[in-house]
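Please have the sequence and the structure at hand while reading.

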Amino acid sequence: MDFYGFYTGKVFDAYEFLGAHLEKNGTVFRTFAPGASKIALIGEFNGWQECMMHKTHDGNFWECFVENAGEGMMYKYRIYDRFGNAVDHCDPYGFGMELRPNCASLIRDLNAYSFQDAKWMESRSDCKSSPLNIYEVHMGSFRKPSSKADDWYTYEELADILIPYVNENGYHYLEVMPLNEYPCDESWGYQGTGFFSPTSRYGTADQLKKFVDICHQNRIGVIMDFIPVHFAVDAYALAQYDGTALYEYPHDAVGVSEWGSCNFMHSRGEVRSFLQSAANYWLHEFHMDGLRMDAISRAIYWQGDPGRGVNRNAVDFLRYMNQGLKQMNPSVILTAEDSTAYPGVTKPVSQGGLGFDYKWDMGWMNDTLDYFKTAPEYRMDHYHKLTFSMMYYYDEHFLLPLSHDEVVHGKATIVQKMNGAYEEKFPQARAFYMYMYAHPGKKLNFMGNEIGQLREWDEKREQDWDLLKYPMHDGFYHFIRDLNALYQKHPALSEMDYEQEGFRWLDCHQEARCIYAFERIGKKERIVAVFHFSNRSQNDYHLQIPEGKSLELLLSSDWEEYGGSEKRAEVKLKVKKREAGRESAAGDRPGPGSGGGEVVLSLQPYCAQYYLVTV
């Protein structure tokens, strides 16, 4: 390891030196603890008796070698502070841990598993000009072996269950909630104790590698949630690791997060090297295809509050880490969960940005869901909540998220959020999802949303799969599956997501009728999307179609098979030239040389339609 680089925050491979590393006749243990007065290694290989470690290199690192310490054996560091007080800690760079509430680290052989995914690794991309349809999963509650809260399938068992489902339903990336080790099930992994330790809830490191490997062999990418902002307060982990604030701030004013956890002190080079190495570890050792970085707003601004100013050290850390990760792993996807207006989150570092590939569009998510919570008779007053996103959309590379955060803690599920009674919620939800999938930006949907789940997500229970025996839910499930398939089939919906030429409003001034229409434009095709979000039928709706001869209906949210009112049928509408002097539905006239005309549509309540344009 480059020790100068470690101290200055330039290292991405600290885990190759620190931690427990198997050698020919035993294991060498190394830890960084500059504030410790002495450290003893204890483990099952020495009867949990103290084996004193010795200082090495510049005196801030501690090391010892133990014969016959092998794969799977447990160990801890007993760290004495400068006053002689001792606390037993897990290894910050440990590659495995016991199942909670136990907290010993486990010796793991990082080189034991051999991946068979070379074809995938050579061909994967960041999907900027192709579909990116992400299925977000909490591994412990997608399916469960029993009704017990702490009964989980293993990584390998989940591969057999989850991969066929993902493929059948038209997703091609999984986003898994944090798989680093964590003590409290209810934290879902966002308050970590083992940043290099795959959670033992679902098995071993090699089993997780096999899960990712099998995903790749089935053309499914895997993105993992990564938490570079804060960590759990448990005394056996990073908090006060060497008797001092080694990883955290020494003062609570900036050291304690809103979740009660410890904030990482990003001004310290050793902390930066720790986090950069952890991020690279998951990408390199586990072949993860990307990282979704949590709570980035809390790194950009002190405590996430713009009023307290920008945390320059944390911003510099993000830039350096992202740039380094992309240089070493060019085809991975780095996504920021960030709700702020901080500029340049997805711009390259070379252009002054933070270097993320995508940013979650929290504004789109909040505005759109608020609109659909509103009663139809009041939607005319909120009409432009659905047009506002395109005012700022090209500022960043946005991803549209309907994540776990939107279906917990009293927020209600996606279908529940739709205004009205049970029967009214589903047609609105179908139209809502068609709006989402036609809107520019990559897509993310949380498990259970696709079956119209009505119970908020609970990590202790599996999803309510028995809902599929009810026609309304089964129809909704098949609608989402067909929508996903159409999204992947038609490049116009994705290949020019971040080019202004890829989107055009056709009608965004139907406030009284709650109708919207826009066009998605690809290199070889155009798709017109029409949305009607009022509860009244709209007959004789005239829509101008520039430079088009006819429209072929691809998908309607109102088809009977999905729970709607109309039979599926082949529909081809001829684009007719308008009568001279008559204005279009949008209130404007076709420009010179537009070569277009109009179609007349009859729209059912809460209906969305996609049309392929023939030119």
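The model is predicted. Its largest pocket holds about 510 Å³ of space, and its largest cavity has a volume of about 80 Å³. The structure also holds 74 aromatic pairs.

**Largest pocket**

- The space in the largest pocket comes to about 510 Å³, and 23 residues line this pocket.
- Nearest the centre of the largest pocket are Trp188, Trp259, Asp294, Glu337 and Asp405.
- Helix 7 (297-300) and helix 9 (362-373) are the elements that give two or more residues to the lining of the largest pocket.
- By class, the lining of the largest pocket consists of ten charged, eight polar and five nonpolar residues.

**Second largest pocket**

- The second largest pocket contains about 240 Å³ of space, and its lining is made up of 15 residues.
- Thr340, Ala341, Lys359, Tyr392 and Phe398 are the lining residues closest to the centre of the second largest pocket.
- At least two residues of the lining of the second largest pocket come from strand 19 (358-360), and at least two from helix 9.
- The lining of the second largest pocket has seven nonpolar, five charged and three polar residues.

**Cavities**

- There are four cavities of 30 Å³ or more.
- The largest cavity, with a volume of about 80 Å³, is lined by 13 residues.
- Tyr249, Asn263, Phe264, Arg298 and Asn311 are the residues of this lining closest to the centre of the largest cavity.
- Eight nonpolar residues, four polar residues and one charged residue make up the lining of the largest cavity.
- The second largest cavity holds about 60 Å³ of space.
- Residues that line the second largest cavity include His138, Trp152, Asp185, Arg201 and Glu459.
- Its lining divides into four nonpolar, four charged and one polar residue.

**Aromatic pairs**

- Among the 74 aromatic pairs is the one between phenylalanine 142 and tryptophan 465, which is edge-to-face, with 5.1 Å centre to centre and 70° between the planes.
- Phenylalanine 142 is in the loop between strand 10 (133-137) and helix 3 (155-168), and tryptophan 465 is in the loop between strand 21 (442-446) and helix 13 (471-489), so this pair ties together parts that are 323 residues apart in sequence.
- Both phenylalanine 142 and tryptophan 465 are buried.
- Tyrosine 371 and phenylalanine 533 form an edge-to-face pair, with 6.0 Å centre to centre and 65° between the planes.
- Because tyrosine 371 lies in helix 9 and phenylalanine 533 in the loop between strand 24 (526-532) and strand 25 (538-545), the pair ties together parts that are 162 residues apart in sequence.
- Tyrosine 371 and phenylalanine 533 are both buried.

**Charges over rings**

- Lysine 38 has its charged end over the ring of tyrosine 80, 4.5 Å from the ring centre.
- Lysine 128 lies over the face of tyrosine 358, at 5.6 Å from the ring centre.

**A serine in a loop**

- Serine 331 is in the loop between helix 8 (312-328) and strand 18 (333-336).
- Its relative accessibility is 17%, so serine 331 counts as buried.
- The side chains of serine 331 and arginine 124 make a polar contact at 2.7 Å.

**Backbone details**

- Arginine 100 and proline 101 are joined by a cis peptide bond, with omega about 10°.
- Proline 101 lies in the loop between strand 8 (86-89) and strand 9 (105-106).
- Cysteine 127 is not a glycine, yet its phi is positive, at about 65°.
- Cysteine 127 is placed in the loop between helix 2 (118-123) and strand 10, and counts as buried at 7% relative accessibility.
- Glutamate 547, also not a glycine, has a positive phi of about 55°.
- The loop between strand 25 and strand 26 (550-556) contains glutamate 547, and at 42% relative accessibility glutamate 547 counts as partly exposed.

**Distance across the model**

- Glycine 72, in the loop between strand 6 (61-67) and strand 7 (74-80), is partly exposed with a relative accessible area of 29%.
- From glycine 72 to proline 546 the C-alpha to C-alpha distance is 66 Å, and the two residues are 474 residues apart in sequence.

Methods. Residues numbered from 1 in each chain as written. Heavy atoms only, no water. 1 Å grid on protein atoms, 1.4 Å probe; cavity = no way out; pocket = protein on both sides within 12 Å on 5 of 7 lines; lining within 4 Å. Points joined across faces, edges and corners; volume = space filled by probe spheres on them. Helix = DSSP H or I, 4+ residues; strand = E, 2+ residues; numbered from the N terminus. Nonpolar A, V, L, I, M, F, W, Y, C, P; charged D, E, K, R; others polar. Phe/Tyr/Trp six-rings, centres within 6.5 Å; stacked < 30°, edge-to-face > 60°. Buried < 20%, exposed > 50% of the residue type's maximum accessible area, 1.4 Å probe, protein only. Lys NZ or Arg CZ within 6 Å of the ring centre and 35° of its normal. Polar contact = N/O pair within 3.5 Å; in protein donor to acceptor, adjacent residues only side chain to side chain.
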